[in-house]
Amino acid sequence: MSKKLDKVDVVVVGTGFAGGIPSAELAKAGYKVVGLERGKEQNHSDFIGSKDELRYASRKGMMQDNSIETLTSRSEIGEEAFPIRTQDEVMVGTDVGGNSVHWSGVSKRFFGIDFEIRSKIIERYGEDKIPEDMFLQDWGITYDEMEKYYDKFEKTVGTSGEPDPLGEVRSSSYPTAPTVETPGIRLFKESAETLGYHPYQLPSGNITEHYENPDGQTINACMYCSFCEFYGCDFGAKSDPVATVIPTALETDNYELRTNAHARRIIYDGKKAKGVLYVDLKTGIEYEQPAEVVVLAGYVFTNNRLLMLSEIGEQYDPETKTGVIGKNSNGTNTAGGVRGFFDEQKFNLAMGAGALGAGFSDLTSEYIDNTDLDFIGGGDVEFRQKGSGPIATNYVPKGTPSWGEEFKEQSLFYANRNLSISFSHPSYGWSFNYMDLDPNYTDAFHDPLLRVTHQITEQDKNVAKYGIEKCAEIMEEMGADIIDKDEVPEKFNHNYGPATAGGVVMGDDPETSAINNFSQMWDAENLFVIGASALPHRPPQATVTVGAMAYRAAEGIEKYLKDDGGLLVQAKNNKEVAHVNDK
């Protein structure tokens, strides 16, 4: 029997940017907010002196323990799925701040076409360009509508950068100066310019100077120490929730953070969410936290699974292609690139940061011409100097033995003589890629695990091969003596990486989307689902967009509470949904 607690205004599942932002905004506005985090409490003092490559980069010490909780995976409908137990295949953050604490920091906005992808592709090439089984859909919102939320996110969490010469219109400049330009970055930029591209310094959540945000929280200057991606920042120099929105929420006295709180269900009466059922993982006691508004802001898999376990929304059926929950599972793509080895040039690769680098947008979906290409959209080309560690960055040319005297000689010679360029492309939704509950495997509470069905398509392979060839052209211009190209896999290898999306997608039609553009569920007006689960397709580098969506959702929740409920957006079709707020 669960213990029922006193009702609050808002209960939020998750403490990453998706959950931390609405928690801070609503607590500042005077609402009583409870945040539920399944992991432990942490702040930057916990990361001091923790430059432990084995613990964090190799063993993924800040990720979910997949031997306890995981998903099951299969490639084809009809196959039996199996649990994934290693963290190299599934990287899901845990503890306060979630994935946003150990992210790399690349802080790109999406382009306008990303929000209106179906309309723009049809406008440019005709509907026949879209493959039959590709679920390409608009998001029900435009870049112009999102711009003010992007701006607020960048100023609140701190972002360093310079405007992309091909980027969308900005209402203001980045709050801090761009990262330093290393010799390797300069070489990339000069080579890209020679080939006619428009390189610029990547926008970065690795802050370049001491910065105080509008809420009075401070972020320190990045030391380029190389321990960034997969690590918490012991300098307090990364844009993350534990430096910004979580302390802002706590300072209001309206926010209560409960850690080791594992959410099992959204309590739902068929029309509205009534609260969250969760277990204190230290005591084993089960609680029921009632709330006026429920915010589901976990990782993609968590958001999908909790809705399915709670039987909220219509489960997607791949046979009939109806239903919306679990639809458009995406984000697992075939991104790749090249690594160049230089016989005569050496670089200081011990210095770096997750977002230290440069890129260009000439080949993105916004600018590429797909007329004569065998794929839709394009991708981001990036050169990044993340910094080399002694264990994970021992690169040698292809064909070198993996052990012995030759391996040692090549390792020593090329330790500071190799650079890489990457190409990342959008991942689109397909009728056969989806999520549902596994019929065979359960977690420690006997709740079904989430099952993901995913296969790589010809679209994925063709765009990846195109991008890798473009990266090779640049690397050749940079003067590399050896250029090793990544190979594009023929079949899905069940590696989900850190960047999945979809399943609770945003749109303007309840027939094809689960939430409206305020992240409000069509089927439960007081339930807001925030995170990358909202992305109908996933362009590269989604963190900033998730943060911007969280600010828009917070604005919508406050309006919902003030105006006594109702849907905040008119549905496109006539499906019966919760009543529309016309105030």
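Because the model is predicted, local features need pLDDT of at least 70 and side-chain atom pairs count only at pLDDT 80 or more, while totals for chains, interfaces and linings use all residues. Residues are numbered from 1 along each chain as its sequence is written, and side-chain values use heavy atoms, with hydrogens and water left out.

The protein chain holds 11 helices and 25 strands; helices (H or I, at least four residues) and strands (E, at least two) are DSSP runs, numbered from the N terminus. Its radius of gyration, taken over C-alpha atoms, is 23 Å, close to the 25 Å given by the globule rule for 583 residues, so the chain is as compact as a globular protein of that length. The globule rule is 2.2 Å times the number of residues to the power 0.38. Along the principal axes, the C-alpha trace spans about 70 × 55 × 50 Å.

Of the 583 residues, 61% are buried, where buried means under 20% relative accessible area, exposed over 50%, and partly exposed in between (1.4 Å probe, protein chains only). Contacts (heavy atoms within 4.5 Å) with a separation of 6 or more come to 75% from residues 24 or more positions apart. The chain exposes about 22,600 Å², and carbon and sulfur atoms supply 46% of that area; accessible areas come from the Shrake-Rupley method with a 1.4 Å probe.

Next come the strands. Strand 2, residues 8-13, is mostly covered, with five of its six residues buried. It runs parallel to strand 13 (residues 286-296), joined by five bridges, and Val8 stands opposite Ala291 of strand 13. Strand 2 also pairs in the parallel sense with strand 3 (residues 33-36), over four bridges; here Val10 has Val33 as its bridge partner. Two strands count as paired if DSSP finds at least two bridges between them.

Elsewhere, six strands form an open sheet with antiparallel pairing, in the order 7-16-17-18-15-22. Strand 7 (200-201) and strand 22 (482-485) stand at its edges, each with a single partner strand, so one side of each is left without a neighbour in the sheet. For strand 22 that partner is strand 15 (residues 336-341), which runs antiparallel to strand 22 and is joined to it by four bridges.
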